[in-house]
Amino acid sequence: MAAMQRLVLLLSVAIAASAQGPAVAPAAPTTPTTPATPAPAAGTTNITGVLAKAGQFNTFIRLLKSTGVAAQIDNQLNNSFGSGMTVFAPTDNAFTSLASGTLNSLSDSQKNALIQYHVLSTAIPMSQFDTVSNPLRTQAGSSSPGQYPLNVTAEGQQVNITTGVVNATVDNTLYTGDQLVVYQVNKVLLPMAIAGTPAPAPAPLAPTKTKEKTPTSTVADAPEAEASTDTSLAAPARIVTGGGVAVVHVLALLACVWWGL
């Protein structure tokens, strides 16, 4: 009888345990995770990457980064649907050829304008340079004379660039894409607004000397010489004289007649 009671007790405990279900272990605390930085989308353009791959553009790359123009170009290319961009990239030798102290003499804003001057807000393939309308407007600002005008002309396979300060040529095409064209140029493009020689100021007018008038000596007209003889008296004198001669002749004739008698 006692064995039967223990069996019933064991069955009751088993039934109760199965009704409660399996024991659940406490959940471990979760650690917040930092979202991963998205990888750059395929096909994005990086201007400094293009130049680094080409080589010999270290100075231009450094200026692109220090002025913030590199980030500006990348943002415009990858976040807009504009007409693209054209970059004229001077080589390291081009920067070395500058007069000593040229870059160091520029302020930060001038350096920014200098690099912006090498960027056009449209992608121009090599074949279209002979149809562009000069002067071209760069990202540096106004293309008015004395500011940032850029003139590009094509003569056959050669493309020439004139800034008003320097004359450069396009030596090579470094990159061509739908939104970006990068050309190698043999000189740093110096704009008029930064490196142009200002026109000399007009010299002040010399004071006008008042010419002293030389007093003119008034020379009195010399009185006309008086006639030595009064004309009113000359004629009668001549008449008288002539009459005297006639009288003498008459008297001489009469004397001859008289002596003849």
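1. Start with Gln139. Leaving aside residues up to four places away in sequence, Gln139 touches Gln72, Gln76, Met85, Gln116, Val119 and Ser121. Keep in mind that this is a predicted model.

2. Where does Gln139 sit? Gln139 is in the loop between strand 3 (136-137) and strand 4. Is Gln139 buried or exposed? Its relative accessible area is 19%. The cut-off for buried is under 20%. Gln139 therefore counts as buried.

3. Now take Gln139 together with His118. Along the sequence, 21 residues separate the two. In space, their C-alpha atoms are 7.8 Å apart.

4. Next, look at two helices. Helix 3 covers residues 58-67, and helix 4 covers residues 69-78. They pack at an angle of about 80°, and their axes lie 5 Å apart. That angle makes helix 3 roughly perpendicular to helix 4, because angles of 65 to 115 degrees count as roughly perpendicular.

5. Which residues make the contact between helix 3 and helix 4? Helix 3 brings Leu64, Lys65 and Thr67. Helix 4 brings Val69, Ala70 and Ile73. Sorted by class, this contact of helix 3 with helix 4 has four nonpolar residues, one polar and one charged.

6. Turn to the largest nonpolar core. It has 49 residues. The residues with the most contacts inside this core are Ile47, Leu51, Leu64, Ile73, Phe88 and Ile161. Which strand gives the most to this core? Strand 7 (residues 180-185) does, with five residues.

7. Ile47 deserves a point of its own. Setting aside residues up to four places away in sequence, Ile47 touches Leu64, Ala70, Ile73, Asp74, Val87, Leu180 and Val182. Leu64 belongs to helix 3, while Ala70 and Ile73 belong to helix 4.

8. Follow the strands next. Strand 4 (residues 149-155) pairs with strand 5 (residues 158-162) in the antiparallel sense. Five bridges join this pair. Ala154 stands opposite Val159 of strand 5. The hairpin of strand 4 and strand 5 has two residues between the strands. In this hairpin, Gly156 takes a positive phi near 65°.

9. Strand 5 also pairs with strand 6 (residues 167-176). How do strand 5 and strand 6 run, parallel or antiparallel? They run antiparallel, joined by three bridges. Ile161 has Ala168 in strand 6 as its bridge partner. Ile161 is also one of the residues with the most contacts inside the largest nonpolar core. The hairpin of strand 5 and strand 6 has four residues between the strands. There, Gly164 takes a positive phi near 95°.

Key. Residues numbered from 1 in each chain as written. Predicted model: local features only at pLDDT ≥ 70, side-chain atom pairs only at ≥ 80, totals over all residues. Heavy atoms only, no water. Axes fitted to C-alpha atoms, helices over the stretch in contact; angles between N-to-C directions. Parallel < 35°, antiparallel > 145°, perpendicular 65-115°, else oblique. Contact = heavy atoms within 4.5 Å. Nonpolar A, V, L, I, M, F, W, Y, C, P; charged D, E, K, R; others polar. Core = buried A, V, L, I, M, F, W, Y, C linked by side-chain atoms within 4.5 Å. Buried < 20%, exposed > 50% of the residue type's maximum accessible area, 1.4 Å probe, protein only. Pairing = 2+ DSSP bridges.
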